[in-house]
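Open the model in your viewer and keep the selection tool at hand.

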Amino acid sequence: MKKLSVAILGFGTVGQGVRDVLCNHQDRLKEIAGIPVEISTILIKHPEKHHTKAPHVRFTTDFQSVLDDPAIDVVFEAIVGKEPAYSYLRQCIIAGKHVITANKEMFQAHGQELKQLAAEYDVGIGFDATTAGGIPIIQTIQHLLQVNKINRVQAILNGTSNYILTDMRENGSTFDDALLKAQSLGYAESDPTNDIEGYDALYKLKILCELIFDEQPVWEHVKCVGISQISAKAIKQEAASGNRIKHIAEIALTEGAITANIAPKSVSAEHPLYAIEGVNNAIHMKTDIIGDLTLSGPGAGAFPTASAMVEDFCHIVNKHMKAEGKVTTIAYS
Ligand SMILES: NC(=O)c1ccc[n+]([C@@H]2O[C@H](COP(=O)([O-])OP(=O)(O)OC[C@H]3O[C@@H](n4cnc5c(N)ncnc54)[C@H](OP(=O)(O)O)[C@@H]3O)[C@@H](O)[C@H]2O)c1
């Protein structure tokens with residue numbers, strides 16, 4: 001029987017989440033694709049770490065074998081860092097494979113080139129999981145921009161920072177204690193620099209900025225402040241006056257110029273991001289037709305992120321693969 005064959009690059013938190021979602025929702029995926037969806041290959045770096053191997057799935061450290069396999073139509077990428085992820089996806093696109101990535105560090109640097117290359121080779125490229133985890137923000141913005149103009153975005157884009165600020169306010173924790181808790185719960189990396197110094201939010205803001213405005217400010221001139229200098233005293237003082245400190249990433253188009261800013265800010269109860277707590281993320285947009293719109297939800301984690309990637313996969317199946325005649329819709333009576 002014909003199958004739709006996919007590969008997963010990277011098999012950590014996100015890669016395993018993608019494997020689980022693809023395996024646990026076979027019936028739904030078959031309805032969409034018209035044929036079974038099968039994981040044929042998983043690319044890893046350290047084979048000694050991966051003992052539980054699924055039957056019929058090839059675990060390999062050899063990227064060339066993924067590239068050279070003509071049966072693989074779609075590649076999910078969940079590796080950390082710019083390289084080799086960028087080179088791998090570039091080669092996959094040139095080989096005519098559709099690609100889906102969760103890798104924000106790579107995509108904020110190379111997203112524009114990869115999108116252009118995908119258009120040139122007429123393949124799909126999904127990157128919803130790069131920004132705000134399970135919140136379908138990229139596809140929502142692409143949909144909105146057909147008619148609306150988005151003038152301003154204010155967002156909480158880093159779940160670890162939001163968790164730390166919430167814990168400091170609710171439990172009176174010091175910054176260091178709240179960070180330790182975030183690490184023990186698996187929210188923060190062992191090296192939390194990107195989260196607490198604002199760089200992770202900056203990566204995601206760059207991806208949003210390019211998508212919304214199709215241009216970028218001079219990022220070297222943009223203020224990027226994290227939460228590492230926030231004291232328990234400052235949080236308590238703000239709370240006493242009914243306010244909350246939130247780490248807010250912001251872009252706006254004002255008089256033809258794009259401005260951006262990433263910093264902790266005090267917000268009052270009326271602010272749309274005031275109620276976003278714990279590891280959640282949220283994006284508040286000002287649009288010219290709908291008006292104000294806020295999306296919120298889990299910003300990271302295996303299943304929210306895998307969900308965003310598999311939603312991208314379904315979009316690619318519907319938009320590209322049905323037109324190519326590679327898959328068909330199952331007709332139900
Ligand atoms: N975790 C989240 O909640 C989340 C949310 C949104 C986006 N993301 C993004 O998703 C990506 C993956 O994150 P993660 O949390 O799943 O990371 P992770 O748990 O550290 O897993 C990374 C995986 O990539 C593999 N890998 C690293 N270098 C490789 C190489 N050169 N060739 C092949 N495989 C390689 C590793 O292989 P070994 O296992 O063999 O070492 C590992 O399986 C990152 O770009 C991250 O920013 C993560």
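A polar contact here is a pair of N or O atoms within 3.5 Å; within protein, one must be able to donate a hydrogen and the other to accept it, and residues adjacent in sequence count only if both atoms are side-chain atoms. This is a predicted model: local features need pLDDT of at least 70, side-chain atom pairs count only at pLDDT 80 or more, and totals for chains, interfaces and linings use all residues. Residues are numbered from 1 along each chain as its sequence is written, and side-chain values use heavy atoms, without hydrogens and water.

**Stop 1: the ligand contacts**

Select Lys49. One of its polar side-chain atoms lies 2.7 Å from a ligand oxygen. Next, show the backbone of His46: a polar atom there is 2.6 Å from an oxygen of the ligand. Do likewise for Ile79, where a polar backbone atom is 2.8 Å from a ligand oxygen. On its own the ligand has 900 Å² of accessible area (Shrake-Rupley method, 1.4 Å probe), and the protein covers 81% of that.

**Stop 2: the shell**

**Stop 3: the whole chain**

Zoom out and color by secondary structure. The chain has 12 helices and 11 strands (DSSP runs: H or I of at least four residues, E of at least two). Its C-alpha atoms fill a box of roughly 65 × 45 × 45 Å along the principal axes.

**Stop 4: two backbone details**

Most residues other than glycine have a negative phi, and most peptide bonds are trans. Go to Pro84, in the loop between strand E4 (72-77) and helix H4 (85-94). The bond from Glu83 to Pro84 is cis, with omega near 10 degrees. Finish at Asp214, in the loop between helices H10 (199-213) and H11 (232-240). Its phi is positive, near 55 degrees.
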